[in-house]
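Trainee: Could you walk me through this model? I would like to start with helix packing and then turn to the pockets.

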Amino acid sequence: MILLFLLMAFAIGLVIPLQSAINSSLRDALGSGSLLAALVSFAVGTLFLAVLGAATGQPFGTLTGLPRLAWWQWLGGALGAFFVFGSTLLAPRIGLAAMISLIVAGQVVSSLAFDHFGLLGLPTRPVSWIRLAGAFLLLAGAVLVNFGDRWAAKA
């Protein structure tokens, strides 16, 4: 089962650049700014999730618990919107490889902190030197993706 989860995580990583490219194209097709394209993208995503939830028999009655949520539990949607808006804005300006490499580098750095400290109730997974080395290599990769051509041209 863990292999299936690992493959799913990799598949999600594969489609993030596709999502950014589609949303960038949506922005151009609408002749609007990145905010409107992100709004349309989120509206379609919301409709898709509602249909999928109904098709799989999700208990929509549990939504009555919404008033009991902590303030920070509402931020997930806002952070998702920030991602979609930001990637729609950045993809055509800095390129998909540059954008995604920096997103992944940021995800790894913050994920190490979330794992190490068990933030927001997540299980604790201590940071080791080998995990730090992996994060460093990812950060180095992001630097090379973003600046490697410039350095090579000067050599």
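**Packing and pockets**

Trainee: How far apart are the axes of α4 and α5 (residues 129-154)?

Mentor: Helices here are DSSP runs (H or I, at least four residues), numbered from the N terminus. Axes are lines fitted to C-alpha atoms over the stretch in contact, and angles run from 0 to 180 degrees between N-to-C directions. α4 and α5 pack at about 160°, and their axes are apart by 8 Å.

Trainee: Which pLDDT do local features need?

Mentor: Residues are numbered from 1 along each chain as its sequence is written, and side-chain values use heavy atoms, without hydrogens and water. This is a predicted model: totals for chains, interfaces and linings use all residues, side-chain atom pairs count only at pLDDT 80 or more, and local features need at least 70.

Trainee: How is α4 oriented to α5?

Mentor: Their packing angle is about 160°. Angles over 145 degrees count as roughly antiparallel. Therefore α4 and α5 are roughly antiparallel.

Trainee: How many nonpolar residues are in the contact of α4 with α5?

Mentor: Contact means heavy atoms within 4.5 Å. On α4, Leu 102, Val 109 and Asp 115 are among those that take part, and on α5 they include Arg 131, Leu 138 and Asn 146. Ala, Val, Leu, Ile, Met, Phe, Trp, Tyr, Cys and Pro count as nonpolar, Asp, Glu, Lys and Arg as charged, and the others, Gly among them, as polar. Two residues of the contact are polar, two charged, and the nonpolar ones number 14.

Trainee: At what angle do α1 and α2 cross?

Mentor: Asn 23, Leu 26, Arg 27 and Leu 30 of α1 make the contact with α2 residues including Leu 36 and Val 40. The axes come within 9 Å and cross at roughly 115°.

Trainee: What is the volume of the largest pocket?

Mentor: A pocket is an open set of points on a 1 Å grid over the protein atoms alone, where a 1.4 Å probe fits, with protein on both sides within 12 Å along at least five of seven lines; lining residues have an atom within 4 Å of a point. Of its 20 lining residues, Ile 16, Leu 79, Phe 83, Ile 103 and Gln 107 lie nearest the centre. By class, 13 are nonpolar, seven polar and none charged. The volume is about 520 Å³.

Trainee: Which helix gives the most to the lining of the second largest pocket?

Mentor: This pocket holds about 320 Å³. Phe 42, Phe 48 and Phe 83 are among its lining residues. α2 (34-55) and α3 each supply at least two. The most, seven residues, come from α2.

How values were computed:
Grid points are joined across faces, edges and corners, and a volume is the space filled by probe spheres set on the points. Angles under 35 degrees count as roughly parallel, over 145 as roughly antiparallel, 65 to 115 as roughly perpendicular and the rest as oblique.
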